[in-house]
Amino acid sequence: AATGLSAGTARVLAVDDLQARRDRLVRFCRTLPEATVTAHDQHLGFQVRGRTFAWYVDDEHGDGRVAVLCKTPQGENTGLVASDPHRFYLPRYVGNRGWVGLRLDLQDVDWGEVAELVADSYRLVAPRRLAGLVDQSLA
């Protein structure tokens with residue numbers, strides 16, 4: 001029954017569950033070397049040495065979605081969206097620069113996939129030495 005649902009009609013979680021998911025994302029991002037978290041209204045930015053590697057967004061531009069936005073290698077973001085448009089989307093403004101959104105407000109979130117996407121994004125923007133530390137810790 002989940003096939004064919006648009007982003008607007010997908011079943012979303014209660015606020016308490018979304019807060020727990022936000023907290024889980026923050027905890028994971030803080031495990032990455034020198035990662036910092038910056039609050040922006042209802043959104044959170046995750047940086048390493050001043051470069052953003054992920055965003056937690058809540059109803060960005062009134063789209064009704066709660067998601068993590070991550071940078072991907074060139075072209076990978078469109079492939080992810082094509083493979084599962086129910087969970088992935090191209091975020092406004094940065095989708096054309098290689099970023100992808102992964103919804104966190106749906107019933108089933110694969111946290112291994114979230115961690116992999118965030119870690120890959122971190123490695124794309126972090127200095128080489130720090131990116132190498134993530135490779136070692138995830139191996």
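Predicted model: local features only at pLDDT ≥ 70, side-chain atom pairs only at ≥ 80, totals over all residues.
The strands form an open, six-stranded sheet with antiparallel pairing, in the order E1-E2-E3-E4-E6-E5. Its edges are formed by E1 and by strand E5 (88–89), each of which pairs on one side only. Histidine 40 has histidine 43, in E2, as its bridge partner. Two residues separate the strands of this hairpin, and aspartate 41 adopts a positive phi near 50°. Elsewhere in the sheet, strand E4 (residues 66–71) runs antiparallel to strand E6 (residues 99–103), with five bridges between them.

Helix H2 (residues 76–83) lies across E5 and E6, and runs at about 30° to E6. Helix H3 (residues 111–125) lies across E2, strand E3 (51–58), E4, E5 and E6; relative to E4, helix H3 runs at about 35°.

With a disulfide requiring cysteine sulfur atoms within 2.5 Å, the model contains zero disulfides. For cysteine 29, the closest cysteine sulfur is that of cysteine 70, and because the separation is 7.4 Å, the two are too far apart for a bond. The closest cysteine sulfur to cysteine 70 is, in turn, that of cysteine 29. Cysteine 29 is buried, at 1% relative accessibility, and cysteine 70 is likewise buried, with a relative accessible area of 0%.

Notes. Residues numbered from 1 in each chain as written. Heavy atoms only, no water. Pairing = 2+ DSSP bridges. Helix = DSSP H or I, 4+ residues; strand = E, 2+ residues; numbered from the N terminus. Contact = heavy atoms within 4.5 Å. Axes fitted to C-alpha atoms, helices over the stretch in contact; angles between N-to-C directions. Buried < 20%, exposed > 50% of the residue type's maximum accessible area, 1.4 Å probe, protein only.
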